[in-house]
Amino acid sequence: MIDTGSAHLPKGQSASRPYAGILSECRDLVRNRTCRVLSHLRDALIEDIETRIQATADPDLALPLRELQKNLQNDVGMLEQCFGTAFDHAFGELSRKKPQESSSLYSDGEISGMELSLVDDEAFSETLTVKGQANILHHACDYELKDLVPRIALMLGASDLDASDNPAGPEAVSEALKEACWSYECPREAKELLFELLTRKLAPELRTIYHEVNNHLVMRRVLPQVRPPVRRGGKGRKLPGGRSEGTTTETSDVLKQLFALGDGGGEMPGAI
């Protein structure tokens, strides 16, 4: 039996959703672990900015970096607090979406000249920046996301989950990071630099965080065994030890196990 829990629901979320409690646990785990990493990165960020200041000959270019460095030194805990608030908001919004809803800015996927003229240039630029940094995070966490995405999709009641719809995914994390960086009173170029530095430093840590979330969901019996898709041609993603994911040989072994279970009257492994 799956223990779905019911406490500490995301704000505005109905208690009727069977996985609401576990979704909240995932939210808290990603938020708390990420905030802890951000607090530990503060000194390294200040040193990186100082290095860039020393390498800049133009005083006008160094000035915004000085402002950013001063903010990081004086506003202890602000980065984590702003990230946590923004992440909780993004998680709640995406968790309440209906599975068939699209989060795309344009419903038909095309941008005409007239539509583009209605979009604020700065907001559009920020959206592209968030997506670019999200891609960096996604690339670093690809292995863990292959298991995490179907588990999140199951809890949201969706048959499939786009990257932009994952409430705990890299895009949600990237958007929250952007909001945290933009909370500082400094020129835009300094905010963008902070966003870039944070993303690159957080990427390997986020992979570990997603690994923890996957382990937590296995413990909570949410898709404890995620079966990889079978690829035609007998070739799959390489795994540790030289094995390939989703090979035809593995498929044959699974079929043999199924026939053996059918003859012996045993139970399917991993059944809930």
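Buried means under 20% relative accessible area. Phenylalanine 91, at 0% relative accessibility, therefore counts as buried. The model behind this briefing is predicted.

**Aromatic cluster**

- Phe83, Phe87 and Phe91 form one aromatic cluster.
- The count of aromatic pairs comes to three.
- Phenylalanine 83 and phenylalanine 87 are stacked, because their planes stand at 15 degrees and planes under 30 degrees apart count as stacked. Their ring centres are 5.8 Å apart.
- These two residues, phenylalanine 83 and phenylalanine 87, sit four residues apart in helix H3 (residues 78–95), so about one helical turn separates them.
- Phenylalanine 83 is at 0% relative accessibility and so counts as buried. Phenylalanine 87 is also at 0% and counts as buried.
- Phenylalanine 87 also pairs with phenylalanine 91. This pair is tilted, with 6.0 Å centre to centre and 50 degrees between the planes.
- Phenylalanine 87 and phenylalanine 91 are four residues apart in helix H3, so they too are separated by about one helical turn.

**Helices H1 and H2**

- The axes of H1 (residues 20–54) and H2 (residues 59–74) come within 10 Å. They cross at roughly 160 degrees.
- That angle makes H1 roughly antiparallel to H2, because angles over 145 degrees count as such.
- H1 passes H2 in a left-handed crossing.
- On the H1 side, the contact is made by residues including Leu45, Ile46, Ile49 and Ile53. On the H2 side, Ala62, Leu65, Leu68 and Leu72 are among them.
- By class, the contact has eight nonpolar, three polar and four charged residues.

Conventions. Residues numbered from 1 in each chain as written. Predicted model: local features only at pLDDT ≥ 70, side-chain atom pairs only at ≥ 80, totals over all residues. Heavy atoms only, no water. Axes fitted to C-alpha atoms, helices over the stretch in contact; angles between N-to-C directions. Parallel < 35°, antiparallel > 145°, perpendicular 65-115°, else oblique. Left-handed = near helix turned anticlockwise from the far one by under 90°. Contact = heavy atoms within 4.5 Å. Nonpolar A, V, L, I, M, F, W, Y, C, P; charged D, E, K, R; others polar. Phe/Tyr/Trp six-rings, centres within 6.5 Å; stacked < 30°, edge-to-face > 60°. Buried < 20%, exposed > 50% of the residue type's maximum accessible area, 1.4 Å probe, protein only.
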